[in-house]
Amino acid sequence: MKVRVIISLKNGVLDPQGRAIHHAIEGLGIHGVQDVRAGKVIELEVDNSVSDAQLETMCKQLLANTVIENYRIERMAAAETV
Amino acid sequence: MSTFRSAVITFPGSNCDRDMAVALEQVCGGEVHRVWHGDAALPERLDFIALPGGFSYGDYLRSGAMAARSPIMQAVIDAAGRGVPVLGVCNGFQVLTEAGLLPGALLRNAGMNFVCREVALTVETSQNLFTAGYSQGQQITIPVAHHDGNYFADAATLDRLESEGRVAFRYAEEVNGSARQIAGVLNAAGNVLGMMPHPERMIEPAQGGNDGRALFESVVKGLVAA
């Protein structure tokens with residue numbers, strides 16, 4: 001099964017990368033973008049034996065730094081995987 | 001007093017480990033042990049552990065994140081818990097925050113650029129094992145070389161660090177966007193220090209100055225006094 005972990009910066013955490021991207025978007029001549037926040041997506045191919053609790057442990061102890069980041073775990077149905 | 005025993009941990013991608021070992025040899029003296037990240041145990045009876053600068057694991061995932069989970073780090077965490085002085089410089093600081101030994105996190109520099117130059121620091125407290133050789137309020141010059149040195153912690157944590165005298169160094173100029181211009185922080189017990197500037201690169205005049213020397217001397221003197 002494919003699992004997708006979406007990691008985003010918490011509100012209030014400065015995101016210089018997002019700000020630079022925002023600036024570059026304006027450079028394309030496209031206006032009206034209010035804010036840009038950059039995060040990351042980690043896709044895992046896991047056996048069915050991997051529990052939700054184990055996924056939480058992975059996120060808390062390694063994939064995300066919960067001082068600065070939020071994470072969301074999505075278990076993807078087979079049809080969604082490419 | 002028995003021989004001073006220190007260790008420098010080398011992770012894959014560390015690049016200031018030799019500089020750190022030279023600083024320990026020349027300033028602290030005694031035995032300097034070089035320890036590989038994959039080792040499960042530290043040498044016995046250590047007086048000082050240093051985590052050097054560099055780009056451990058290529059900064060994959062987050063700076064210091066992979067190194068913080070390497071086998072040797074459990075031994076470092078245990079040693080810190082027993083009160084052994086632990087210094088993390090630059091990437092070493094990032095590793096200490098990722099390992100949970102220090103609060104907060106190091107974000108990408110606010111200006112997005114890698115900053116590599118000498119900076120002015122203010123010594124915020126001399127009531128500490130690492131900074132006893134300086135005077136409070138003293139301004140010193142130490143080089144920085146980092147991309148992710150922008151110290152972040154929530155307001156409550158920052159207030160606690162300030163009120164408990166755990167901000168060791170502050171930038172005396174704008175460098176990387178760090179919250180309250182914090183350059184180095186201590187743990188609650190005062191035996192773990194993380195800092196972005198590189199004191200090991202300022203131990204003798206040939207390096208352009210020796211403002212970093214007192215930090216290493218302070219640890220040796222503190223140990224003798226203890």
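## Chain A: order of elements and overall form

From the N terminus on, chain A runs β-α-β-α-β, with two helices and three strands in total, where helices (H or I, at least four residues) and strands (E, at least two) are DSSP runs numbered from the N terminus. This is a predicted model, in which local features need pLDDT of at least 70 and side-chain atom pairs count only at pLDDT 80 or more, while totals for chains, interfaces and linings use all residues. Residues are numbered from 1 along each chain as its sequence is written, and chains are lettered from A and ligands numbered from 1 in the order in which they are written.

The radius of gyration of chain A is 16 Å, well over the 12 Å that the globule rule gives for 82 residues, so chain A is more spread out than a compact globule; the radius is taken over C-alpha atoms, and the rule is 2.2 Å times the number of residues to the power 0.38. Along the principal axes, the C-alpha atoms of chain A fill a box of roughly 50 × 30 × 15 Å. Buried residues make up 9% of the 82 residues in chain A, a residue being buried if 20 or more other C-beta atoms lie within 10 Å of its own, exposed if 12 or fewer, and partly exposed in between, with C-beta atoms placed from the backbone. Of the contacts in chain A with a separation of 6 or more, 70% are between residues 24 or more positions apart, where a contact requires C-beta atoms, placed from the backbone, to lie within 7 Å.

## Chain A: the sheet and a loop residue

The three strands of the open sheet in chain A follow the order E2-E1-E3 with antiparallel pairing, two strands being paired if DSSP finds at least two bridges between them. Strand E2 (40–45) and strand E3 (69–76) of chain A are the edge strands, each pairing on one side only. Neighbouring strands of this sheet are turned by 20 degrees against each other on average, direction ignored; the axes are lines fitted to C-alpha atoms, for helices over the stretch in contact, and angles run from 0 to 180 degrees between N-to-C directions. Strand E1 (residues 2–9) of chain A is joined to E2(A) by six bridges in the antiparallel sense, and Val5(A) stands opposite Ile42(A) in E2(A).

Thr66(A) lies in the loop between helix H2 (52–63) and E3 of chain A. Thr66(A) is exposed, with 12 other C-beta atoms within 10 Å, and its C-alpha atom is separated by 25 Å from that of His22(A), 44 residues away along the chain.

Chain B has five helices and eleven strands. A compact globule of 226 residues would have a radius of gyration near 17 Å, and the 16 Å of chain B agrees with this; the C-alpha trace spans about 45 × 40 × 35 Å along its principal axes. Of the 226 residues of chain B, 53% count as buried, and 76% of the contacts between residues at least 6 apart in sequence join residues at least 24 apart.

The largest nonpolar core has 74 residues, and those with the most contacts inside it are Val8(B), Ile9(B) and Leu24(B); such a core is a set of buried Ala, Val, Leu, Ile, Met, Phe, Trp, Tyr and Cys residues joined through C-beta atoms within 7 Å. Helix H1 (residues 17–28) of chain B provides the largest share of this core, six residues. Not counting residues up to four places away in sequence, Leu24(B) touches Ser6(B), Val8(B), Val32(B), Ala50(B) and Phe216(B).

## Chain B: the mixed sheet

Nine strands of chain B form an open sheet of mixed pairing in the order E2-E1-E3-E4-E11-E10-E9-E6-E7. Strand E2 (31–36) and strand E7 (139–146) of chain B stand at the edges with a single partner strand each, so one side of each is left without a neighbour in the sheet. From one strand to the next, the twist averages 20 degrees.

Strand E3 (residues 48–51) of chain B pairs with E4(B) in the parallel sense over three bridges, with Ile49(B) opposite Val86(B). Strand E4 (residues 86–89) of chain B is in turn joined to E11(B) by four bridges, also parallel, and there Val86(B) has Val192(B) as its bridge partner. Strand E10 (residues 182–186) of chain B runs antiparallel to E11(B), with three bridges, and Leu186(B) stands opposite Leu193(B). The hairpin of E10(B) and E11(B) has five residues between the strands, and in it Gly190(B) takes a positive phi near 85 degrees.

## The contact between the chains

Nine residues from chain A and 13 residues from chain B take part in the contact. On the side of chain A that touches chain B, helix H1 (residues 16–27) of chain A gives the most, with three residues. The residues of that side divide into seven nonpolar, two polar and no charged, where Ala, Val, Leu, Ile, Met, Phe, Trp, Tyr, Cys and Pro count as nonpolar, Asp, Glu, Lys and Arg as charged, and the others, Gly among them, as polar.

Note on methods. Contact = placed C-beta atoms within 7 Å.
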